[in-house]
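I opened a new notebook page for this chain. My plan was to start with one residue and then step back to the whole.

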Amino acid sequence: MKRFENKVALITGGSRGIGAAITKRLAAEGANVAFTYSKSREKAEAIVAEIKASGGWALAIEADSADPQAVENAVHKVVNEFGRIDVLVNNAGMYIGKAFEDHTLEDYDQIMGINVKAVYAASLAAANHFSAGGRIITIGSNMADNAANPETTLYTMSKSALTGFTKGLARDLGKKGITVNLVQPGPINTDMNPSDTDLADFLRSRMALSEYGTVEDVAGLVAFLASEEGKFITGTALTIDGGFNA
Ligand code: NDP
């Protein structure tokens with residue numbers, strides 16, 4: 001029997017990068033997966049087709065994380081379709097990198113809306129539908145503990161907010177047997193952080209392992225936390241960054 005047989009997982013931002021890898025990993029291990037996307041419809045459809053071709057079940061839901069109502073609707077859609085939700089992975093996120101003096105209040109609303117408010121909205125919509133063994137896993141960033149380079153103030157602030165959210169919510173939902181954790185990746189080769197740039201060379205120079213991680217590395221950790229083996233881990237942040245913050 002596969003680890004996530006009969007389980008239902010929702011991943012936000014599953015059309016590309018880390019979210020796509022998490023979606024595929026949970027589906028490969030038997031979960032019925034739903035994932036949201038915003039712009040990448042074709043990629044989302046390709047992932048659904050790939051999972052179905054290998055005997056799994058997947059549903060792509062168009063839902064812009066900038067719109068909390070759309071996020072809430074996505075959770076309700078999953079519960080209506082499957083009758084349950086066991087794992088919520090808050091992955092969708094965006095990055096703004098520029099000198100602080102060039103920031104605007106609109107930048108604040110945009111990044112906090114997608115990186116923080118959407119996490120709150122999805123978790124709130126899902127909370128009453130989990131039963132014991134439920135899992136909320138949010139993708140933060142190792143930068144929450146180490147703002148290693150300039151021009152990252154807003155992004156770092158948004159990812160730090162997830163620490164407090166995770167700790168508080170772990171206390172609130174622990175009595176129902178639901179775990180809540182934060183996964184904090186370091187440099188992972190995706191569209192958001194390609195491994196072939198000058199910035200990437202700088203980031204590599206700061207890492208104990210001197211290499212970017214892969215989306216599958218993060219998906220493996222998420223799968224562990226979502227599994228039965230992760231049942232005693234809650235209210236914490238697990239950093240997966242090749243020793244960047246060592
Ligand atoms: P990518 O930019 O490669 O992919 C982002 C994914 O999120 C896409 O599937 C995209 O979907 C989705 N997404 C983005 N904005 C929205 C939105 N408004 N509504 C719905 N979906 C959205 O990013 P990564 O895979 O690299 O990042 C995933 C998470 O990991 C983020 O939270 C990021 O902050 C975090 N992270 C990444 C690191 C890295 O080095 N890559 C390091 C630390 C943390 P679509 O294309 O359909 O809009």
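I looked up the contacts of Gln-184, counting heavy atoms within 4.5 Å. Leaving aside neighbours within four places in sequence, I found Gly-140, Ser-141, Asn-142, Ala-144, Asp-145, Thr-163, Ala-237, Leu-238, Thr-239 and Ile-240. The model is predicted: local features need pLDDT of at least 70, side-chain atom pairs need 80 or more, and totals for chains, interfaces and linings use all residues. Residues are numbered from 1 along each chain as its sequence is written, and side-chain values use heavy atoms, without hydrogens and water.

Next I checked where Gln-184 sits. It lies in strand 6, residues 179-185. Strands are DSSP runs of E with at least two residues, helices are runs of H or I with at least four, and both are numbered from the N terminus.

Is Gln-184 buried or exposed? Gln-184 is buried, because its relative accessible area is 0%. Buried means under 20%, exposed over 50%, and partly exposed in between, using a 1.4 Å probe and protein chains only.

Then I stepped back to the whole chain. I noted seven helices and seven strands. Along the sequence they run β-α-β-α-β-α-β-α-β-α-β-α-α-β. Buried residues make up 51% of the 246 residues. I also looked at contacts between residues at least 6 apart in sequence: 73% of them join residues at least 24 apart.

Last came the overall dimensions. The C-alpha atoms fill a box of roughly 45 × 35 × 35 Å, taken along the principal axes.
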